[in-house]
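Hi there,

Here is the structure I promised to pass on. Please open it alongside this email, and then read on for what turned up.

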Amino acid sequence: MQIFGVDIGGSGIKGAPVDLDKGDLAQERHKVLTPHPATPDAVADGVKQVVDHFGWTGPIGVTFPGVVTDGATIRTAANVDDSWIDTDARALLGERLGGLPVTVVNDADAAGVAEMHFGAGRDRRGTVILLTLGTGIGSALFVDGVLVPNTELGHLELDGHDAEKRASSKAREDHDMTWEHWAAHRVTKYLAHVEMLFSPELFIIGGGVSRKAHKFLPHIEGIKAEIVPAQLQNNAGIVGAAMRAAGH
Ligand code: BGC
């Protein structure tokens with residue numbers, strides 16, 4: 001079975017039909033640049049361009065980089081335009097797409113669902129936490145494979161700051177930190193804090209940095225949980241969005 005997945009990110013809006021049996025894209029994905037400011041209207045146009053590129057007319061799952069309740073309503077928008085807050089994104093996107101059924105899901109939750117089913121978290125029981133270290137920090141918490149949605153662990157307080165401002169990949173770039181310094185100080189401290197709260201068996205590190213795991217994972221020490229990079233990398237959000245739309 002195929003469902004369309006779209007991932008709304010800080011720099012790009014990417015999508016493709018997803019083969020739900022394989023957990024992979026059924027066609028090469030199409031990407032348009034995220035408009036700035038990333039208002040609901042402008043982003044909806046971007047999503048439409050991506051979907052129209054494939055002439056898709058079936059159900060669609062869409063990720064959003066903020067809290068999303070009931071597959072529809074946006075509650076927070078830390079790294080996109082504030083005017084998203086309280087928007088019914090399902091209604092907005094559905095209408096823009098000519099009435100196609102749309103399900104909206106938090107981006108990290110989508111990536112987590114895909115990783116638990118097809119990637120680094122496959123067959124893992126107990127408490128598993130996926131963290132995406134990107135522009136912000138996204139989190140997905142699983143207990144025996146079941147998602148607790150919208151955990152927002154990127155906004156824990158760390159050294160008196162919003163954690164994502166200290167330990168995201170953007171923080172590393174903004175402050176010109178070496179991979180080693182970022183990993184050994186910022187990421188380690190953040191993981192230790194999350195570990196103190198949840199004692200997970202496994203951390204899965206996602207986001208763009210998962211491709212560069214060899215540069216930073218060796219510098220993270222003193223965490224009891226196993227730490228592994230995500231496996232679906234850039235496609236986890238698209239695959240997970242389609243899975244949520246299919247009822248996973
Ligand atoms: C948002 C999360 C999102 C994460 C990654 C955070 O700032 O609050 O909802 O998952 O960024 O995009």
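First, the ground rules. This is a predicted model, in which local features need pLDDT of at least 70 and side-chain atom pairs count only at pLDDT 80 or more, while totals for chains, interfaces and linings use all residues. Residues are numbered from 1 along each chain as its sequence is written, and side-chain values use heavy atoms, with hydrogens and water left out.

**The ligand site**

Which residues are around the ligand? They are Pro65, Gly66, Val67, Ala78, Asn79, Asn106, Asp107, Ile137, Gly138, Glu152, His155 and Glu164 (a residue is near a molecule if one of its heavy atoms lies within 4 Å of it). Polar contacts come up from here on; these are pairs of N or O atoms within 3.5 Å, and within protein one atom must be able to donate a hydrogen and the other to accept it, with residues adjacent in sequence counted only if both atoms are side-chain atoms. An oxygen atom of the ligand lies 2.9 Å from a polar side-chain atom of Asn106. For Glu152, a polar side-chain atom is 2.4 Å from an oxygen atom of the ligand, and for Glu164 an N or O atom in the side chain is 2.8 Å from a ligand oxygen. On its own the ligand has 310 Å² of accessible area, and the protein covers 94% of that (Shrake-Rupley method with a 1.4 Å probe; for residues, only the protein chains shown count as cover).

Glu152 sits in the loop between strand S11 (146–148) and strand S12 (157–158). Helices (H or I, at least four residues) and strands (E, at least two) are DSSP runs, numbered from the N terminus. With a relative accessible area of 23%, Glu152 is partly exposed; buried means under 20%, exposed over 50%, and partly exposed in between (1.4 Å probe, protein chains only).

**Helix H3**

Asn106 also caps the N-terminal end of H3, where a side-chain oxygen lies 3.0 Å from the backbone nitrogen of Ala108. Ten of the twelve residues of H3 are buried, including Ala108, Met116 and Phe118. Another buried one is Ala114, with a relative accessible area of 0%. The C-alpha atoms of Ala114 and Ala241 are separated by 8.3 Å, although the two are 127 residues apart along the chain.

**Aromatic rings**

How many aromatic pairs are found in the whole structure? The search gives six. Rings of Phe, Tyr and Trp (its six-membered ring) pair if their centres lie within 6.5 Å; planes under 30 degrees apart count as stacked, over 60 as edge-to-face and the rest as tilted.

- Phe64 and Trp84 make a tilted pair, at 4.8 Å centre to centre with 55 degrees between the planes. Phe64 is in strand S5 (residues 60–64) and Trp84 in the loop between strand S7 (73–74) and helix H2 (89–96), so the pair ties together parts that are 20 residues apart in sequence. Phe64 counts as buried, at 1% relative accessibility.
- Trp179 and Trp182 are edge-to-face, 5.7 Å centre to centre and 80 degrees between the planes. Both lie in helix H6 (residues 179–198), three residues apart, about one turn of the helix, and both are buried.
- Phe4, Phe54 and Trp56 form one aromatic cluster.

**Loops to look at**

Thr34, in the loop between strand S4 (30–33) and helix H1 (40–53), is buried at 6% relative accessible area. Its side chain reaches the backbone oxygen of Gly9 at 2.8 Å, and a polar atom of the Thr34 side chain lies 3.0 Å from the backbone nitrogen of Gly12. Pro37 lies in the loop between S4 and H1, and the peptide bond from His36 to Pro37 is cis, with omega near 0 degrees. Most residues other than glycine have a negative phi, and most peptide bonds are trans.

Best wishes
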